[in-house]
Amino acid sequence: MKKILVVEDDKFLRELISQKLAKEGYDVAEAVDGEKGIESVRSENPDLVLLDLILPGIDGFEVLAKMKADPKLAEVPVIILSNLGQKDDIEKGLEMGANDYLIKAHFTPGEIIEKIEAVLK
Amino acid sequence: MMFFRKKKTKLANSNSNIAITNYLTDGLLVFNSENKLTLLNPRAEMLFEVLEGRVLGKSILELARFERLSPLVSLLGGEIKPMEKTELQIKENLILEITSTPIARDGERINTLIVTHDITREKLSDKMKTEFVTLAAHQLRTPTSGIKWSLGGVLDGSYGELNESQKEILTKAYKTNDKVIELVRDLLDVAQIEEGKYLRNLVLTSIEDVIKTVLESRKQEIMNKKLNVEFQREDVQKIMLDIEKMEIVFKNILDNAIRYTSIGGKIIITLNRKEKEREVEIHIKDNGIGIPEYEQDRVFTKFFRGSNVMRIDTEGTGLGLYISRNIIEAHGGRVWFESKEKQGTTVHVTIPIKERFGEFLTGKFY
């Protein structure tokens, strides 16, 4: 069973996406901010991280930077799932090594699963 | 006798004029034909923190030595350029609107009148309003995503099978929420325009490619309505554009053409190069429902929606063309249209050919 770590500070969004993932047969771990996110990447050994960008404390970009700087975590695929839809943010996220960048308001949970499957293949 | 009476009247006039300028709530400066300061009212003394006695009789260039006056001197120049309601920041909490009017008699300039109106408070409240809109719109994004995700999940069967009427009503709710998402995005664009930081990434781009990308992104809608879309183009050199923003412009204009043209209608897009004017011209012509004549002067204003459009189509936020005009003008271009009800609309866009970033600095650049 593949494990997905969901880093998302909004409770409702976190629940919705986690439920969908569980239903699709994934093992789900959750983190509510950037600090916990980076901790969980180390402790939970996820196969993929679904990463929000605007987070309390250290933000998603920083979490991504920390992962990419750590050889043990650098290979874990990351999909950014954010409200931010500016070209600058998208380019920055992808340049920093995210495998995909999804704008929350443009995708349904079903479509997000499809993107996750595509990266895990 | 006549002579004296005339002189007396003039003197009385000028005394009462001085009394008036003393009570004027705008700062007033008057320069004579040699560009020397002949009048400075008390309000101007206050705004510029100078005393009348220290500055009267000095030429405009000499006034540059006074700290508060020096931004004004740089704006007006030694010859005192005429201008209308030009914004000028004097210092951190002082923004003035400057109007400079030459007064001529028998074709010769005898005086120049400088009116300085304090707009600091208006600017501040504008800024607060924009910040509020930005904040509110940002705050709306997470809940609208939550609604989209939950309805999306229910509709794709994640929470059990739905019957047809449940599916139908929830699909409507889903689409309505998508409209809110679109509105929030438009509000953020408007707030950005009003904060004056609209063009971000200027790169040398083929405008033809921008239009092709937009057409590609609307393929489905065009097919659904069986529209006949033609793109006629001349070879046009690459120009400096903010690609993301220009795509918004053509998406908005094309979406209107698609939406408001009936099934089987025709849309013609032409791209021409105007060598002499150093600009490119784009026309988007449809044979749709058109814009009622009495509403045509409001088309580019915020939240405008045609009354004939409201009846047939509830989509659209009324912000698209307002945003588009601002983007085009930020590029130094122009946009206008011709329209006849029940016959169609042609939107014209011009963009100046600028090949280097530097060329923007002399134009209108946000």
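1. Helix axes in this note are lines fitted to C-alpha atoms, for helices over the stretch in contact, and angles run from 0 to 180 degrees between N-to-C directions. Helices (H or I, at least four residues) and strands (E, at least two) are DSSP runs, numbered from the N terminus. With these terms, the axes of α1(A) and helix α5 (residues 120–155) of chain B come within 9 Å and cross at roughly 25°. That makes α1(A) roughly parallel to α5(B), a label for angles under 35 degrees, with over 145 counted as roughly antiparallel, 65 to 115 as roughly perpendicular and the rest as oblique.

2. This is a predicted model, in which local features need pLDDT of at least 70 and side-chain atom pairs count only at pLDDT 80 or more, while totals for chains, interfaces and linings use all residues. Residues are numbered from 1 along each chain as its sequence is written, and chains are lettered from A and ligands numbered from 1 in the order in which they are written.

3. Two residues are in contact if their C-beta atoms, placed from the backbone, lie within 7 Å.

4. The whole contact between the chains takes 15 residues from chain A and 16 residues from chain B. On the side of chain A that touches chain B, the elements giving two or more residues are α1 (11–23), α4 (87–95) and α5 (109–120) of chain A. α1(A) gives the most, with six residues. That side of chain A holds six nonpolar, three polar and six charged residues.

5. Chain A has five helices and five strands, which follow the pattern β-α-β-α-β-α-β-α-β-α along the sequence. Of its 121 residues, 38% count as buried. A residue is buried if 20 or more other C-beta atoms lie within 10 Å of its own, exposed if 12 or fewer, and partly exposed in between, with C-beta atoms placed from the backbone.

6. Strand β4 (residues 78–82) of chain A is mostly covered, with five of its five residues buried. A:Val78, A:Ile80 and A:Ser82 point one way from β4(A), and A:Ile79 and A:Leu81 the other way. In a regular strand the side chains alternate between the two faces of the sheet. Strand β3 (residues 48–51) of chain A pairs with β4(A) in the parallel sense over three bridges; two strands pair if DSSP finds at least two bridges between them. The bridge partner of A:Leu50 in β4(A) is A:Ile79.

7. Chain B comes to 12 helices and 12 strands, and 26% of its 366 residues count as buried. Five strands of chain B form an open, mixed sheet in the order β7-β9-β10-β12-β11. β7 (228–233) and β11 (334–340) of chain B stand at the edges with a single partner strand each, so one side of each is left without a neighbour in the sheet. The twist averages 10° from one strand to the next.

8. Within that sheet, strand β10 (residues 279–286) of chain B and strand β12 (residues 344–352) of chain B run antiparallel and are joined by seven bridges. B:Glu281 has B:Thr350 as its bridge partner in β12(B). Helix α9 (residues 243–259) of chain B lies across β9 (266–274), β10 and β12 of chain B, running at about 20° to β10(B).

Technical notes:
Nonpolar A, V, L, I, M, F, W, Y, C, P; charged D, E, K, R; others polar.
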